[in-house]
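Thanks, everyone. I'll keep this short. Please have the sequence and the model open while I talk.

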Amino acid sequence: MISGNFFAELKRRNVYKVAVAYAIVAWLLIQVATQVFPFFSIPDWTVRLVVLLVVLGFPVALILAWAFEITPEGIKREQDVDRTAPVAGNTGRKLTAVIVLLATVAAGLMVFRFVRSGSGGTEGDRAARSADISSKSIAVLPFENFSQDKANAYFAVGI
C-alpha cells in the first residue's frame, strides 16, 4: 500500500478527526478527575485509573473509527458503505463542529484555571489564610537549663 493512499484513507475515514476529538475529551476527563476526585475524598489511585483507561482507549477509538463509518442511516461497517457516495463531507462537518466546540470549552476551562490560580486574592483573603495556618501551627522554643546542677544541662539541650 502506498503511504499517500494510506493517509488519504485515514482522512476519508475521519480517523484524524476522531483522534483530535478523543484527545480533547480525554484531556477534559483527566482535568475533571484531578480537580473533582480529591474534593469528594476519592482515593488517588482512581485518578491514575482514569488516566490509564483514557490512554488504553485511544487505540480502540482509532480502530473503531477505521472500521466503522457514520452515515445518515446510522453507524455502519466501512465495507458496507458506498465509497462513491459523499457521506464523509456531511458527517465530517458535524464532527468538526463537535471538535471546535470541545476545543473552545477546553480553552475556556484552561483560561479559567490559570486566572483563578494566578490571582493571589485580596489582603483580607491572604490574612484569613495565614490566620488559619497559624491557628493550626505549633511553635517549639528552645529549653534553657535554670537548675543549679550544670551536669543536667544535656537534658535541656537534648529536648
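Let me begin with one side chain. Tyrosine 22 has a relative accessibility of 22%, so it counts as partly exposed. The cut-off for buried is under 20%.

What is tyrosine 22 doing there? A search of the whole structure turns up 2 aromatic pairs. In one of them, the ring centres of tyrosine 22 and phenylalanine 58 are 5.5 Å apart, and the planes meet at 55°, so we call the pair tilted. Edge-to-face would need over 60 degrees. This pair links distant parts of the chain. Tyrosine 22 belongs to helix α2, phenylalanine 58 to helix α3, and 36 residues separate them. Phenylalanine 58 is partly exposed too, at 31% relative accessibility.

The other pair is phenylalanine 39 with phenylalanine 40. That one is edge-to-face. Centre to centre, the distance is 5.1 Å, with 75° between the planes. Phenylalanine 39 has 67% relative accessibility, so it counts as exposed. Phenylalanine 40 is exposed as well, with a relative accessible area of 54%.

Now a step back. Remember that this is a predicted model. The average pLDDT of the chain is 77, and 71% of the residues score at least 70. Where is confidence lowest, and where is it highest? The lowest is helix α5, residues 123–136, with a mean of 61. The highest is α3, at 90.

The overall layout is quick to describe. The chain has 6 helices and 2 strands. Starting at the N terminus, the order is α-α-α-β-β-α-α-α. The chain has 159 residues, and 18% of them are buried.

Back to helix α2, residues 15–36. Does its length or its residue count tell us what span to expect? Take 1.5 Å a residue: the 22 residues of α2 should span 32 Å. The C-alpha atoms at its ends are 31 Å apart, so the two values agree.

Which residues of α2 are buried? Val15, Ala19, Ala21, Ile24, Ala26, Leu28 and Ala33. Leucine 29 is also in helix α2. Leucine 29 has 47% relative accessibility, so it is partly exposed.

Next, the surface. Val32, Val36, Phe39, Phe40 and Ile42 make up a nonpolar patch. Together they have about 490 Å² of accessible area. So that patch includes both rings of the edge-to-face pair. Isoleucine 42 sits in the loop between α2 and α3, which covers 44–67. Isoleucine 42 is partly exposed, at a relative accessible area of 31%.

One backbone detail in that loop deserves a look. Serine 41 lies between α2 and α3 as well, in the loop. Most residues other than glycine have a negative phi. Serine 41 is not a glycine, yet its phi is positive, at about 55°. Is serine 41 buried or exposed? Exposed, with a relative accessible area of 65%.

Last stop: alanine 67, in helix α3. Its relative accessible area is 30%, so alanine 67 is partly exposed. Alanine 67 and arginine 77 are 10 residues apart in sequence. Their C-alpha atoms are 6.1 Å apart in space.

To recap. Phenylalanine 39 and phenylalanine 40 form the edge-to-face pair, and both belong to the nonpolar surface patch. Serine 41 has the positive phi. Keep the confidence in mind when you look around: α3 has a mean of 90, helix α5 a mean of 61. Thank you.

Key: Residues numbered from 1 in each chain as written. Predicted model: local features only at pLDDT ≥ 70, side-chain atom pairs only at ≥ 80, totals over all residues. Heavy atoms only, no water. Helix = DSSP H or I, 4+ residues; strand = E, 2+ residues; numbered from the N terminus. Expected span 1.5 Å × (residues − 1). Buried < 20%, exposed > 50% of the residue type's maximum accessible area, 1.4 Å probe, protein only. Patch = residues over 30% accessible without salt bridge, like charges linked within 9 Å, V, L, I, M, F, W, Y side chains within 5 Å. Areas by Shrake-Rupley, 256 points an atom, 1.4 Å probe, with all protein chains shown as cover. Salt bridge = Lys/Arg side-chain N within 4 Å of Asp/Glu carboxyl O. Phe/Tyr/Trp six-rings, centres within 6.5 Å; stacked < 30°, edge-to-face > 60°. pLDDT = per-residue confidence, 0-100.
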